[in-house]
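Work through the exercises below with the sequence and the structure open. Try each task before you read its solution.

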Protein chains: 2
Amino acid sequence: MLSKNTIKYIRSLAIKKYRSINGKFIAEGPKIVSELALSDYKITELFALQNWVDENFSLIGKAGFAEIITTDQLNSISLLSTPNQVLAIVEIPETKFDLSISETSIVIALDDIRDPGNLGTIIRIADWYGMRHIVCSVKSVDAYNSKTVQASMGSISRVNIYYEDLRELLNKASQQNVVYGAFLKGNSIHEESFAKNGFIVIGNEANGISPEIEKLISKKISIPFGKDTVLHAESLNASIATAIICAEINRQNIYL
Amino acid sequence: MLSKNTIKYIRSLAIKKYRSINGKFIAEGPKIVSELALSDYKITELFALQNWVDENFSLIGKAGFAEIITTDQLNSISLLSTPNQVLAIVEIPETKFDLSISETSIVIALDDIRDPGNLGTIIRIADWYGMRHIVCSVKSVDAYNSKTVQASMGSISRVNIYYEDLRELLNKASQQNVVYGAFLKGNSIHEESFAKNGFIVIGNEANGISPEIEKLISKKISIPFGKDTVLHAESLNASIATAIICAEINRQNIYL
């Protein structure tokens with residue numbers, strides 16, 4: 001039985017303020033819930049249809065307990081337009097970025113990414129390429145909102161997300177690490193010989209990298225548009241740019 | 001003055017059925033409308049705020065006439081959550097794919113892409129890379145729905161979109177052209193030496209390339225995941241995969 005208060009509590013987690021107060025977020029659907037259950041994330045509550053419980057007995061151990069609910073009840077707590085068998089309440093991990101991370105690996109830094117779908121997609125890209133750390137500026141969209149969690153397709157379970165004062169962090173980091181920044185004009189990513197560590201900064205969807213962060217960029221890189229293409233799109237979407245840059249870094253890692 | 005019937009007519013174009021009946025679609029906002037006005041697309045009606053009209057006098061010639069409306073009136077016809085100065089009604093061009101196109105250039109073929117945002121993003125990517133032709137299977141999402149038009153950020157004005165029986169088309173094409181298909185397992189895109197013409201097939205978001213199209217693929221290609229990465233995302237989003245493949249083709253065009 002789901003009490004009115006429980007429903008109210010769960011639905012409140014759609015709002016960032018209440019996620020912060022409670023230190024919890026919502027993840028939904030068999031794929032995402034199972035990936036979180038198999039990761040270091042702590043699932044504190046699990047609400048599921050009987051058939052999901054029957055088939056995922058081993059996963060439930062992780063949460064300790066699953067409350068079996070009806071389809072109607074799932075509809076009443078789900079944030080999805082098409083609720084999908086299971087809803088988990090998960091603890092938001094406390095993360096603090098340590099500069100030693102960027103001394104041994106490539107870190108994606110997001111300067112005010114605002115679109116939750118873009119952030120989720122970037123998390124999925126990072127996970128594909130084995131990039132385990134994403135630092136977001138404090139004004140970036142919250143990674144634990146439902147749209148981002150769902151768009152990450154479970155990849156949020158394998159990528160560490162940090163919210164930091166990006167200017168302060170890159171100011172310190174730029175003394176030791178390369179800070180690459182994606183711009184419309186810069187050295188072609190295919191001509192750049194990427195370091196094995198440092199930062200890749202991706203800017204805001206509408207405005208790109210902000211002037212105060214631009215000052216801390218040590219290498220401006222850009223994605224070349226089509227050969228012999230006179231008229232072309234003015235820019236690429238932020239997650240698309242991230243994907244193309246990460247793919248090039250990975251190509252160099254594998255083949256060069 | 002906007003009559004009730006005019007408002008009803010404009011809003012009906014949010015629905016594919018009425019777009020087909022009228023052969024028209026809606027484009028909104030200064031950037032997209034101006035790119036369409038400067039292209040071969042035919043704008044048949046233009047509704048705009050006074051300040052947009054004052055600043056875009058030269059563009060209006062293309063439509064012949066702009067009806068000046070109030071902010072409230074724009075709100076009543078706009079499909080956007082944040083209406084943006086101008087709304088154009090545009091003719092859907094009649095397109096028929098000719099096989100000679102794929103004999104001289106790379107054509108992106110979409111096998112049941114369903115998400116309008118993905119299609120808009122793919123159109124923007126194609127435009128960035130100077131790929132001027134996208135063939136969609138008939139079950140793919142309609143390119144002239146508002147979400148796709150807006151996500152393309154004006155790129156729809158420079159990319160030809162065709163809806164064709166993909167099986168029939170690729171069956172004919174595969175006798176002369178290379179038909180690349182994006183799979184989770186295939187030759188690494190970085191090891192493939194891409195032809196300058198032919199097709200790149202991208203599959204449906206959930207199911208990938210359908211079995212009947214798979215039979216017509218001459219070269220299976222895949223995007224390698226991160227070096228030494230054991231656990232990683234199961235797949236990449238369809239528009240992300242398209243971007244990474246197009247970037248690699250362009251790299252080979254420029255540098256190899």
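**Exercise 1. A residue with positive phi**

Solution. The model is predicted.
- Step 1. The phi of A:Asp112 is positive, about 65 degrees, although the residue is not a glycine.
- Step 2. Apply the cut-off. Buried means under 20% relative accessible area.

**Exercise 2. A second case, in chain B**

Task: Which loop holds B:Met153, and what is the relative accessible area of this residue?

Solution. 
- Step 1. The loop runs between helix H9 (146-151) and strand E7 (160-164) of chain B.
- Step 2. B:Met153 is not a glycine, yet its phi is positive at about 55 degrees.
- Step 3. The relative accessible area of B:Met153 is 34%.

**Exercise 3. Size up the interface**

Solution. 
- Step 1. Count residues. 39 residues of chain A contact 39 residues of chain B.
- Step 2. Take the area. About 3,400 Å² is buried between chain A and chain B, and carbon and sulfur atoms give 61% of this.
- Step 3. A:Arg124, A:Trp128 and A:Tyr255 supply 22% of the area that chain A buries against chain B, more than any other three residues.

**Exercise 4. Polar links and elements across the interface**

Task: Count the salt bridges and the polar contacts between the chains. Then name the elements of chain A that give two or more residues to the side that touches chain B.

Solution. 
- Step 1. Two salt bridges are counted between chain A and chain B. B:Glu234 and A:Lys31 meet in a salt bridge through their side chains, at 3.4 Å from N to O.
- Step 2. The elements are helix H8 (116-128), strand E8 (179-188) and helix H12 (238-255) of chain A.
- Step 3. H12(A) gives the largest share of this side, 11 residues.
- Step 4. Sort by class. The side of chain A that touches chain B has 16 nonpolar, 13 polar and 10 charged residues.

**Exercise 5. Follow the charges**

Task: Which residues are linked with A:Lys31 in a network of salt bridges?

Solution. 
- Step 1. The general idea: side chains of opposite charge can pair when their charged atoms come close.
- Step 2. A:Lys31 is linked in a network with A:Glu35, A:Asp127, A:Arg132, A:Arg158 and B:Glu234.
- Step 3. Look beside the network. The side chain of A:Ser34 reaches the backbone oxygen of A:Lys31 at 3.1 Å. A:Ser34 lies in helix H3 (residues 30-37) of chain A and is buried, at 18% relative accessible area.
- Step 4. Turn to chain B. The side chains of B:Arg132 and B:Asp127 meet in a salt bridge of 2.9 Å, N to O. B:Asp127 is buried at 0%, whereas B:Arg132 is partly exposed at 23%.

**Exercise 6. Into the core**

Task: Which residues have the most contacts inside the largest nonpolar core?

Solution. 
- Step 1. The largest nonpolar core has 114 residues, and A:Ile134 and B:Ile134 have the most contacts inside it.
- Step 2. Leave aside neighbours within four places in sequence. A:Ile134 then contacts residues including A:Ile108, A:Leu110, A:Ile122 and A:Tyr162.
- Step 3. Compare A:Ala109, in strand E5 of chain A. A:Ala109 is buried, at 0% relative accessible area. Its contacts beyond four places in sequence include A:Val135, A:Leu166 and A:Phe199.

Key
Residues are numbered from 1 along each chain as its sequence is written. Chains are lettered from A and ligands numbered from 1 in the order in which they are written. This is a predicted model: local features need pLDDT of at least 70, side-chain atom pairs count only at pLDDT 80 or more; totals for chains, interfaces and linings use all residues. Side-chain values use heavy atoms; hydrogens and water are left out. Contact means heavy atoms within 4.5 Å. Buried area is the accessible area (1.4 Å probe) that two parts lose on being put together, summed over both. A salt bridge is a side-chain nitrogen of Lys or Arg within 4 Å of a carboxyl oxygen of Asp or Glu. A polar contact is a pair of N or O atoms within 3.5 Å; within protein, one must be able to donate a hydrogen and the other to accept it, and residues adjacent in sequence count only if both atoms are side-chain atoms. Helices (H or I, at least four residues) and strands (E, at least two) are DSSP runs, numbered from the N terminus. Ala, Val, Leu, Ile, Met, Phe, Trp, Tyr, Cys and Pro count as nonpolar, Asp, Glu, Lys and Arg as charged, and the others, Gly among them, as polar. Buried means under 20% relative accessible area, exposed over 50%, partly exposed in between (1.4 Å probe, protein chains only). A nonpolar core is a set of buried Ala, Val, Leu, Ile, Met, Phe, Trp, Tyr and Cys residues joined through side-chain atoms within 4.5 Å.
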